[in-house]
Every structure is written in structure tokens, then in C-alpha cells.
Amino acid sequence: MSKIIRAMTKDGSAVAMVTDTTDIVNKAIGYHKTAPTATAALGRTLTAASLMGSRLKDKGDSLTLTFKGDGAAGIVMAVADYSGNVKGYIENPSADLPLKPNGKLDVSGAIGSGYMSVVRDVGMKEPMTGISEIVSGEIAEDVASYFANSEQTPTLVSLGVLVDKDLSCAGAGGVLIQLLPYADESVIDKLEQNVGKITGLSSLIASGKTCEQIMAEALYGIEYDLFDEIDTDYICDCSKARMLRAVKSLGKEELQKIFSEQETIEVCCRFCNKKFSFRSDIME
Ligand SMILES: [Zn+2]
């Protein structure tokens, strides 16, 4: 089971979240049959979206994080609910690039340059959309830049996905720390130092470090309270009824044309690859 733990510094300067998303990323690999670089790109996006989704207030709220770059991965997106459950999609799951000189998966190369967007649907007439430029394509820096520019919230983000030799995910997770208004300068300095020191987050998780231990490293030297823990999962909420609405949105004329050439329409959920098939009786 994946999970998120959350803490607040005792002086109210910052809220910190740590997540282990190893199971979520392994489910994503199972659904999308991703190559290593694609696994890292999608896994980091899922991890970031899960953390961001857990900041939403109400049941029914959702957040969609999308990277639209010109790299080999194509569009990479993840949708999270208010309790951090996620589902994701990558346009080119077979995207795989040579390792970078430092031995890491080349996520920035797979994402490329372009734009990222964050759409928050919180039950208002129109969802709130924030768009910002992809600054590095490494996902964590892009999310931090989005928070700084679109939400004016200084945020430290670290994300990691370690892909094993058998192409499964050995460890994945993330740290997201947001400064609250009037944050103490000395706390900010400590947080930056601490997060900078957490190298190889995914290796730490793969080696068995718990979220609580990683939180202790991220908030080293700062007093804090852990205030909650939530279980998270890769959950797809697709249904035959929802797919039927999508098919019907093609319009009667288009459907008539399709059914004159074939007996059924097959639709595949892009988040979990579940297949749905419809016959012409849906037009009645
Ligand atoms: Zn689905």
C-alpha cells in the first residue's frame, strides 16, 4: 500500500508531506507496460499529483497534472483525488532514452520542453487552470516552479522513481514542503539544506526507509508534529456508463456511420486499459 504522511512545523512555518508511491508506480507499470524512462516520467508525475491532490479540501475535488513537452514520452498526465489516490497516462509508454552521464534515467529528455498544466476541479462552474513553462522536465523542479509562479507558494519538491533490472519499480516516492505566510527565515534555510541533502530518495525508499524516517531527515533540526497519514492507491474510476457518454458524444450521425461499417465500437480506458464494447442498440 502506498501512503502519504503529513507534518507541520511547531512554529507554523511549513507543512511537509512525504509519500511512498512504490505500489502505485508498480500498478502503473502493470497497466501501461512502460519502459524504464517512461516509468520514471509517469511515476514522478503520479507521485507529484498524489501529493498535490491530498491538498484539495473536499471529497469530489480532483487535480490533473499534465506535461505537454516535445520529448519522446509525449503527453504525461496524472489525475488525483482529494485523498491522494491517482491514475495516470503516458502517450508513449515505450519511450526509453540512454542513461544520463550521472547514471540516472533521462526524464527531462523524455519530457522535453513545452508546457505543464495543473487543473483543479473543486466543484465550481469552471475548473481552475494554471499553466507554466516546463523549466527542466525533471518534474520536481517543474512542480516547484509552478507553485512559486502560479500559486505564489514557495515549495520544495523532491521526487524519485528507481527502476529495477526486471523493469519493476524498486522504490518511488516524494517530499513536498510548502512554506506558509510569514515563515521563519531560519526554518527556510534549514529546510533547503535538509532537502538538498536528501539525495537518491527512491534508493532510500527501496532500501526500506520509512516515510517517517524521511520526514525526520527533511525536517532535521526543526520541531514538528505529524498530523495525519493517508493510504493512497492507483485507482481508476472508469465505468461503462462514463464510456457510453463519451461514445455518445460522437453524435448520432457519426455513430450511424461507424455502425454501418462494424458491429461494435471498442473503447479502451487510457488510464487502466480496460476495454468496453458497445453495439448499435446504444442509439435506441
Ligand atoms: Zn480505467
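Buried means under 20% relative accessible area, exposed over 50%, and partly exposed in between (1.4 Å probe, protein chains only). The model is predicted: local features need pLDDT of at least 70, side-chain atom pairs count only at pLDDT 80 or more, and totals for chains, interfaces and linings use all residues. Residues are numbered from 1 along each chain as its sequence is written, and side-chain values use heavy atoms, with hydrogens and water left out.

**Exercise 1.** Classify Arg279 and Glu263 by accessibility, then describe their pairing.

Solution.
- Step 1: Arg279 has a relative accessible area of 46%, so Arg279 is partly exposed.
- Step 2: Glu263 counts as exposed because its relative accessibility is 59%.
- Step 3: The closest N and O atoms of Glu263 and Arg279 are 3.2 Å apart, a salt bridge (a side-chain nitrogen of Lys or Arg within 4 Å of a carboxyl oxygen of Asp or Glu).
- Step 4: Glu263 is in the loop between α9 (252-261) and β11 (264-268) and Arg279 in strand β12 (residues 275-279), so the pair ties together parts 16 residues apart in sequence. Helices (H or I, at least four residues) and strands (E, at least two) are DSSP runs, numbered from the N terminus.

**Exercise 2.** Locate Ser132 and list its contacts.

Solution.
- Step 1: Strand β7 (residues 128-133) contains Ser132.
- Step 2: Ser132 is buried because its relative accessibility is 7%.
- Step 3: Leaving out residues up to four places away in sequence, Ser132 touches Tyr115, Met116, Tyr146 and Ser150; contact means heavy atoms within 4.5 Å.
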